[in-house]
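Please keep the sequence and the coordinates in view while reading.

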Amino acid sequence: MKPETSRNIELRTAWRTESSTLSVNAWQTRYRDLINGYVCDEMFNCTAENVDRATVRGVSVNAEHRFDNTRIYAGADFMNPKDDESGKRLIRRAKQVYRIGASHTFGRATVGADFTHTGARYDDKQNTEAKRLGSYGVLNLHASYAFSKNLEARCIGTTR
């Protein structure tokens, strides 16, 4: 196993008002010896291995709006994670991820929920249809209470 190294370039633009934000980020990361931590055989004996060269390119779009004490937000990531030698998609890497959420503040307490949908991935280097992993969603519920300016308690619940 070799240590992973990478080089990243990113371009970002954002628009803001008093109550809204919109941002678009474009990026590219080139890896040498990318550590792939989940390479498993048919008996589920798993190990880590390096991918010699890999590139992940993508665009993220994020938006947020505040209505008094309520905040709503959404975002999407569109990526092309590929093994540069084979041209195949990197294992367990989705091409798209979508997020949406809302929170509301009542005095010192805040409650909210957000949902993340991750697209289909492959569980093998050859990207075979038999090893295609379906998309999935995660719902997070969260609550917090600010006891003071410097002390806050949080509770987060996650379901898949």
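W15, L22, V24, V59, V61, F78 and Y98 make up a nonpolar patch on the surface of this predicted model, and together these residues have about 580 Å² of accessible area. Patches are built from residues with over 30% relative accessible area and no salt bridge, like charges being joined within 9 Å and nonpolar side chains (Val, Leu, Ile, Met, Phe, Trp, Tyr) within 5 Å. Accessible areas come from the Shrake-Rupley method with a 1.4 Å probe, and for residues only the protein chains shown count as cover.

**Basis and confidence**

- Because the model is predicted, local features need pLDDT of at least 70 and side-chain atom pairs count only at pLDDT 80 or more, while totals for chains, interfaces and linings use all residues.
- Residues are numbered from 1 along each chain as its sequence is written, and side-chain values use heavy atoms, with hydrogens and water left out.
- The mean pLDDT (the predictor's confidence in each residue, from 0 to 100) of the chain is 94, and 100% of its residues reach 70 or more.
- Confidence in the chain is lowest in strand β10, residues 152-159, where the mean is 90, and highest in strand β5, residues 96-106, where the mean is 98.

**The patch and its strands**

- Strands β2 and β3 (46-67) each supply at least two residues of the nonpolar patch.
- Y98, a member of the patch, is found in strand β5, and its relative accessibility of 37% makes it count as partly exposed; here buried means under 20% relative accessible area, exposed over 50%, and partly exposed in between (1.4 Å probe, protein chains only).

**Overall fold**

- The chain has 10 strands and zero helices, where strands (E, at least two residues) and helices (H or I, at least four residues) are DSSP runs numbered from the N terminus.
- The radius of gyration of the chain, taken over C-alpha atoms, is 19 Å, well over the 15 Å that the globule rule gives for 160 residues, so the chain is more spread out than a compact globule; the globule rule is 2.2 Å times the number of residues to the power 0.38.
- Taken along the principal axes, the C-alpha atoms of the chain fill a box of roughly 55 × 35 × 30 Å, and 28% of the 160 residues count as buried.

**Strand pairing and span**

- Strand β1 (residues 5-16) pairs with strand β2 (residues 20-40) in the antiparallel sense over 12 bridges, two strands being paired if DSSP finds at least two bridges between them.
- A hairpin of three residues joins β1 to β2, and T5 has R32 in β2 as its bridge partner.
- F67, which lies in strand β3, is partly exposed with a relative accessible area of 46%.
- F67 and D41 are 26 residues apart in sequence, and their C-alpha atoms are 51 Å apart in space.

**Positive phi angles**

- D33 lies in strand β2 and has a positive phi of about 55° although it is not a glycine; D33 is buried, with a relative accessible area of 17%.
- D68, found in the loop between β3 and β4 (70-83), is likewise a residue other than glycine with a positive phi, near 50°, but D68 is exposed, with a relative accessible area of 78%.

**Salt bridges**

- A search of the whole structure finds seven salt bridges, each defined as a side-chain nitrogen of Lys or Arg within 4 Å of a carboxyl oxygen of Asp or Glu.
- R99 forms a salt bridge with D77, with the closest N and O atoms 3.0 Å apart; R99 lies in strand β5 and D77 in strand β4, so the pair ties together parts that are 22 residues apart in sequence.
- D77 counts as buried at 14% relative accessibility, whereas R99, at 25%, counts as partly exposed.
- R71 forms a salt bridge with E64, the closest N and O atoms being 3.2 Å apart, and E64, R66 and R71 are linked in a network of salt bridges.
- R71 is partly exposed at 23% relative accessibility, and E64 is partly exposed with a relative accessible area of 21%.
- E129 and R132 form a salt bridge whose closest N and O atoms are 3.7 Å apart; E129 is exposed, with a relative accessible area of 56%, while R132 is partly exposed, with 43%.
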